[in-house]
Amino acid sequence: MVQVVHIVDVESGNLQSITNAIEHLGYEVKLIRSGADPELDKAETLILPGVGNFGHFTRNMRARGFVDAISSYIASGRPLMGICVGLQVLFRSSEEDPGAEGLALVDMSLSRFRDESKPVPEIGWNTLQLDGDQFFGLDPCGRYYFVHSYAAMLANGAGRLREQGWRVATARYGDERFVAALARGNLFATQFHPEKSGKLGLQLLANFLKQQHPSIDRGSQDIELLTNDYSNYGLTRRIIACLDVRANDEGDLVVTKGDQYDVRDKQESGAIRNLGKPVELAQLYYEQGADEITFLNITSFKDCPLRDAPMLEVLRLAAKTTFVPLTVGGGIRDIVDPDGTRISALDVAGLYFRSGADKVSIGTDAVYAAERYYEAGTRGDGSSPIETISKAYGSQAVVISVDPKRVYVDSPDDTPNKTIESKYPNSKGQRWCWYQCTLKGGRECSKIGVWELVRACEALGAGEILLNCIDRDGTNVGYDLELLKLVKYAVKIPVVASSGAGKPEHFQEAFLETGVDACLGAGIFHRGEYTVREVKDHLSRNGLKVRLI
């Protein structure tokens, strides 16, 4: 008889991923949406997952009657595992929402990472240090996926937590050490996402579900080498595989790639370039070691995403076998359904999250939101997709996809937007330029520049920038390093380099010369010129820490 694992559902983030991971391990999953649900009395193993805002999560728990129910469950001695906000709710409170109360099972509060020297949120693959005995097979030489802005900081070590009976694993982001995992009695919780930590995370989940604590035999030299590497604040360099998805002329969803966003083949039939099937390619890149997969629905501005069943099915199927973070972009906006029903961007995002996405990418509507932000005197009104989604799911769930192109001018006085003096003048000898933001797949232009856009989106609540470049798209000559430096200087949130990578050296120079937090590749992988593993091997040989599988 298949064992049933119950998951608490307070509509906070992507539960499909943890469901997929547990089912992949051979268990049945049932969701519990109320503390009064009789299923809770039957539960033998309970998972408390969550993404996003501490206050949103804890208030939903209380509104649904979970506080007393979970306390009774814990008192019964049955195992419970918390993930991300599911760990944070065990604490008293959080700076994220000072008025919200946690379960206070841990006598500490959470605070935000200081962002003077490092990007916040922390997004990426970090190592752990065990403060005592191993538990549930946590691997101090392994890499686990973190995505959060708030944590339980340990300025003076974990002694206070040990006094409360907790076994502790910690991680370090820059110069700040924080709680990465806790265990006491029948409780186990992780700040990281095991369901998004590849095969290592799946093994950890399996250990918990079996209530096993296998020991990991690692040499002290290897552990010291990993845990003392803070060249990138403790994180590996992320390599993201991007799949531009659209329907071809026969109506089938395919992965394609264009030159300056033109995806039709000029030399042959003029048909949409078909580089493969989305689900199969996502699985291939996962097996090669991609740290994240991004799906961009590149014609979604024409359609209603709620009726885009094929794209949702692609996401759902990919999430079943691809246990790293999935980002989906296209159509994340307030819409009017063909039947006249108004549907919010928050509801659209929720649909993608329930299908398996971990983050949503906002493009055209981010430009509109930034324009309104400046028109209102540098403030938001709470209604933009960036604001509504980040408030419910957290800033780390909102990626801004920027599509700028270079515009040369005679001097900075010729535009109100931020300019740079380029090393590469145009044919007219002009050196000054700004980066104009485009929308609707590069088909329309905004008056706003990339500097102004990303600063507005950060202020509105975005957690990451996916920085494309129309001028470099499909060229294979490398990323626009001047653009990357400009945007990295403009914001404190993580920046992902995109457009132009043609060889492993391009990834290396982007990391070293601009400080970007991740590099994205598309055509370089789709055409089989290099694998993800080959890019990572090159980075590793040149002293850049990467996650190798």
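Buried means under 20% relative accessible area. All views show a predicted model.

**View 1. A buried salt bridge joins Arg238 and Glu292.** Glu292 has 1% relative accessibility, so Glu292 counts as buried. Arg238 is also at 1% and counts as buried. Their side chains meet at 2.5 Å, N to O. The pair links distant parts of the chain. Arg238 sits in strand E14 (residues 238–247) and Glu292 in strand E16 (residues 292–297), 54 residues apart.

**View 2. Glu176 and Arg114 form a salt bridge.** The N to O distance is 3.2 Å. Glu176 belongs to strand E12 (residues 176–184), whereas Arg114 lies in the loop between E6 and strand E7 (122–126). The two residues are 62 apart in the chain. Glu176 is buried, at 7% relative accessibility. Arg114 is partly exposed, with a relative accessible area of 42%. Lys118 and Asp175 join Arg114 and Glu176 in a network of salt bridges.

**View 3. Asp537 pairs with Arg533 within helix H18.** The closest N and O atoms are 2.8 Å apart. The residues are 4 apart in helix H18 (residues 532–541), so about one helical turn separates them. Asp537 is partly exposed, with a relative accessible area of 23%. Arg533 is partly exposed too, at 32% relative accessibility. The whole structure holds 27 salt bridges.

**View 4. Cys84 is a buried residue with a binding-site annotation.** The annotation "binding site" comes from an unreviewed UniProt entry. Cys84 lies in strand E4 (residues 80–84). Its relative accessibility is 2%. Leaving aside residues up to four places away in sequence, Cys84 touches Gly50, Val147, Thr190, Gln191, Phe192 and His193.

**View 5. The largest nonpolar core has 165 residues.** Ile293, Phe295, Ile386, Ile389, Ile400, Val450 and Phe507 touch the most other members. Helix H14 (residues 450–460) gives the most to this core, with 7 residues. Domain 1 (4–233) and domain 2 (236–258 + 272–542) each supply at least three residues. Beyond residues up to four places away in sequence, Val450 touches Val402, Pro404, Tyr435, Cys437, Leu467, Leu483, Leu486 and Val487. A second, separate core has 9 residues, among them Val399, Val496, Ala518 and Leu520.

**View 6. Three strands make an open sheet in the order E5-E6-E10.** Pairing in the sheet is mixed. Strand E5 (91–94) and strand E10 (150–151) are the edges, each pairing on one side only. E5 and strand E6 (residues 106–112) run in the parallel sense over 3 bridges. Phe91 stands opposite Val106 in E6.

Key
Residues are numbered from 1 along each chain as its sequence is written. This is a predicted model: local features need pLDDT of at least 70, side-chain atom pairs count only at pLDDT 80 or more; totals for chains, interfaces and linings use all residues. Side-chain values use heavy atoms; hydrogens and water are left out. UniProt positions are given in the numbering used here, feature names are shortened, and annotations may be inferred rather than shown by experiment. Buried means under 20% relative accessible area, exposed over 50%, partly exposed in between (1.4 Å probe, protein chains only). Contact means heavy atoms within 4.5 Å. A nonpolar core is a set of buried Ala, Val, Leu, Ile, Met, Phe, Trp, Tyr and Cys residues joined through side-chain atoms within 4.5 Å. Domain bounds come from an automatic or database domain assignment. Two strands pair if DSSP finds at least two bridges between them. A salt bridge is a side-chain nitrogen of Lys or Arg within 4 Å of a carboxyl oxygen of Asp or Glu.
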